[in-house]
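Colleague: I would like to learn how to read aromatic contacts and helices in a model. Where do we begin?

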Amino acid sequence: MAEALANRTFVITTFAFFACGFQLIFIATHLPNFIAICGLPPSVGAEAIALIGICNAVGTLVAGYLCQRWGNRNVLALIYLLRTASVAIFFALPVSVETTLVFAAAMGFLWLSVVPPVSGLINGLFGPANFGALFGVMFMSHQVGAFLGAWLGGLSYQWSGSYSIGWVSLIVVGVLAAMLQLTAADDRARALRQQ
């Protein structure tokens, strides 16, 4: 544990993983209410959450494939960037059934796609022996983000009568996570040096 917490790449990835929980749980918690406020029927919220689940499996498989080609750090930063771009576009466009379902599909594709690169980074840095404990440390950051994402969404709506503060926060946190992740060591370069 001490070795991991002294490792710059591990610490950076742990901090960036906060954004994952922050973005996803805000969306899972508040998207159905947000689109209802925008005048869409409750069935659209249910369809959006279901679409997230369906696209999730495909996105995770694609992310694992890309990690082998581009490296874990690069794929992880790209996921944070694409998630954030999806949030920004959805927030900027008028809310409709179509925009909601396209957004849900994009988010689903990017939902758990972080697991292959995060797992790959941990395994590449420290091997499989302590993987569970180290993933647990990293996941704690994710869960703190999840708590704050759900809570901030509620506060945003309570204070202002809209979710705008929450959506903007998702964008800011996502951009910071992508930039932060790009400052981590490139695991592909390390693997090449070890060969």
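Modeller: With a definition: rings of Phe, Tyr and Trp pair if their centres lie within 6.5 Å. Planes under 30 degrees apart count as stacked, over 60 as edge-to-face and the rest as tilted. Keep in mind that this model is predicted.

Colleague: Which residues form one aromatic cluster?

Modeller: F26, F34, F90, F103, Y157, Y163 and W167. By the pairing rule, the count comes to 16 aromatic pairs.

Colleague: How do I classify the pair F17 and F139?

Modeller: Their ring centres are 6.3 Å apart and the planes stand at 55 degrees, so the pair is tilted. F17 sits in helix α2 (residues 8–37) and F139 in helix α7 (residues 131–160). That links distant parts of the chain, 122 residues apart.

Colleague: What about F90 and F103?

Modeller: That aromatic pair is stacked: 4.2 Å centre to centre, with 10 degrees between the planes. F90 lies in helix α4 and F103 in helix α5 (residues 97–111), so the pair ties together parts 13 residues apart in sequence. Both residues are buried.

Colleague: How far should helix α4 span?

Modeller: Helix α4 (residues 72–92) has 21 residues; at 1.5 Å a residue, the helix should span 30 Å. The end C-alpha atoms are 30 Å apart, which agrees.

Colleague: Which residues of α4 are buried?

Modeller: An α-helix has 3.6 residues a turn, so residues three or four places apart point the same way. In α4 the buried residues include L76, I79, Y80, R83, V87 and F90.

Definitions and conventions
Residues are numbered from 1 along each chain as its sequence is written. This is a predicted model: local features need pLDDT of at least 70, side-chain atom pairs count only at pLDDT 80 or more; totals for chains, interfaces and linings use all residues. Side-chain values use heavy atoms; hydrogens and water are left out. Helices (H or I, at least four residues) and strands (E, at least two) are DSSP runs, numbered from the N terminus. The expected span of a helix is 1.5 Å times one less than its number of residues. Buried means under 20% relative accessible area, exposed over 50%, partly exposed in between (1.4 Å probe, protein chains only). Rings of Phe, Tyr and Trp (its six-membered ring) pair if their centres lie within 6.5 Å; planes under 30 degrees apart count as stacked, over 60 as edge-to-face and the rest as tilted.
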